Amino acid sequence: MAFNHRRGLNPYLSPYTILDCGDIPVSPFDNALALRQMSEAFLELGSRSPARAQGKPPKPKLLTLGGDHSVALPALRALNKIHGGPVAVLHFDAHLDTWNPAKYTSAWESAQSNYNHGSMFWIASNEGLILNGSSAHAGLRTRLTGQSWADYVDDDRQGFLRISSDDIDDMGTGGIIDAIIGRIGLETPTYLSIDIDCPGTGTPEPGGWTSRELIRIIRGLEDLNVVGADIVEVAPAYDGTGEQTALTAAQLGFEIMTNWVGRAMGRIESGIKSKTGNKEEL
C-alpha cells in the first residue's frame, strides 16, 4: 500500500527508481574517521549516474535516515562538490544546531569533540557549504546558552531565518509554507534536514508541532528544489509502545520521496504542455 492519495501517485511505481543503499559503515570509536567515512560515502553515492538514465542524467537524491544529526555535515560536504557550490538548508528542529562548539568548554577539549549534533551547521557555515541568506529553521523552541541573545547573533551571522513552533498559532501551516518558500525560493538547491525531536529521541523538547502539522508542511513544500534530505535523531530505545516516533519518521520519508517524484513528473508534464500549447484546467 504505497499510493499517495494526496498526490495521486505511488513513488515506488513511477518512472524513477528508488533504491535502498544500506548502511554506511562508520567507526563508533573515532569521530574524525567516521566523518571521513560518511563524507566519502555520500560523495560516492551522490556522484553515481541514476539507474536507467537517458540523455543527460539527473543527479541522485539521497535521503539519509538516522541517527545522530551530525550526519548533515558530511552530506553537505558531498553536495558542495556534486553541485559545485553551497546549498540552502531547510532545518526542522527544536534546536538551532548552529552553536559554536567553543561555547561548550571542557577540561578535555579536542578537535573531534567540536564536531557534534549541535555544531554541524556552524562548521558547515564556516566551510562555506551553506547559502547565507537563503536558509531557514522551522519549529524552534530551544533554550539559549548564557544570559543573552548571543546564540541568535551567531545564527544571524550564518544567514538563517528562524520560525518558532509558536508561530504556527498565528500563521497556520499555510503561512509557514509561504514563509519558507519566500525565504528559499523554488529553484535554489536545498538540503532538507528533519530532526524528529518528539518523544523517541535523545533530546526531546515539549511544545512542538504535531505530526499532522509537520506532514502537512512537508507536503506543501513539493516545489522546492530539494537535492538531499535527512530524518534524524530517531532513537527506538526511547520510543513508546506504539512506536509513534518511528512511524512519524517513516511517513515523513514517504512524503519526501513523493515530493521528489511529484516535482519531477510535474515539470515533465508542464514541459509537454508548454510545447503542445495545452493548458491545465483547474
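**Figure 1. Helix α5 and its buried face in the predicted model.** The buried residues of helix α5 are Ile168, Gly175, Ile176, Ile177, Ile180 and Ile184, as seen in this model, which is predicted. These buried residues pack against the strands β2, β3, β4 and β5 and against helix α6. A straight helix of 18 residues would span 26 Å at 1.5 Å a residue, whereas α5 spans only 18 Å between its end C-alpha atoms. The helix also bends by about 80°, and the bend is at threonine 173. After α5 comes glycine 185, which has a positive phi, near 85°.

**Figure 2. The largest nonpolar core and tryptophan 209.** This core has 29 residues, and those with the most contacts inside it are Leu90, Phe92, Ile180, Leu192, Trp209 and Ile217. At least two of its residues come from each of β2 (88-92), β3 (135-140), α5 (167-184), β5 (190-195), α6 (211-219), β6 (226-232) and α7 (244-276). Helix α5 gives the most to the core, contributing 5 residues. Once its neighbours within four places in sequence are left aside, tryptophan 209 is in contact with Phe92, Ala138, Gly139, Ile163, Ser164, Ser165, Ile168, Ile176, Leu214 and Ile217.

**Figure 3. Strand β6 and its two pairings.** In strand β6, 7 of the 7 residues are buried, so the strand is largely enclosed by the rest of the structure. Strands β1 and β6 run parallel and are joined by 4 bridges, and leucine 65 has isoleucine 231 of β6 as its bridge partner. Strands β5 and β6 likewise pair in the parallel sense, over 6 bridges, and here alanine 229 in β6 is the bridge partner of leucine 192.

**Figure 4. Histidine 137 in strand β3.** Histidine 137 lies in strand β3 and is buried, with a relative accessible area of 0%. Although histidine 137 and phenylalanine 92 are 45 residues apart in sequence, their C-alpha atoms are 5.8 Å apart in space. Apart from neighbours within four places in sequence, histidine 137 is in contact with His91, Leu96, Thr98, Asp155, Phe160, Leu161, Arg162 and Ile163.

**Figure 5. Tyrosine 152 in helix α4.** Tyrosine 152 is placed in helix α4, which covers residues 150-157, and at 23% relative accessibility this tyrosine counts as partly exposed. Not counting residues up to four places away in sequence, tyrosine 152 touches Leu96, Leu144 and Arg162. Tyrosine 152 and lysine 81 are separated by 71 residues in sequence and by 29 Å in space, C-alpha to C-alpha.

Figure 6. Threonine 245 is found in helix α7 and counts as buried, at 0% relative accessibility. With residues up to four places away in sequence not counted, threonine 245 touches Ile196, Cys198, Pro199, Gly200, Val234 and Asp239. Glutamate 243 lies in the loop between β6 and α7, where it counts as partly exposed at 49% relative accessibility. Its phi is positive, about 55°, although glutamate 243 is not a glycine.

**Figure 7. Backbone features in two other loops.** Glycine 66 and glycine 67 are joined by a cis peptide bond, with omega about 15°, and glycine 67 lies in the loop between β1 and α2 (72-83). Aspartate 197 has its place in the loop between β5 and α6 and is buried, with a relative accessible area of 2%. Although aspartate 197 is not a glycine, it has a positive phi of about 40°.

Notes:
Residues numbered from 1 in each chain as written. Predicted model: local features only at pLDDT ≥ 70, side-chain atom pairs only at ≥ 80, totals over all residues. Heavy atoms only, no water. Core = buried A, V, L, I, M, F, W, Y, C linked by side-chain atoms within 4.5 Å. Buried < 20%, exposed > 50% of the residue type's maximum accessible area, 1.4 Å probe, protein only. Contact = heavy atoms within 4.5 Å. Expected span 1.5 Å × (residues − 1). Bend = angle between axes of the 7 residues up to and from the residue. Pairing = 2+ DSSP bridges.
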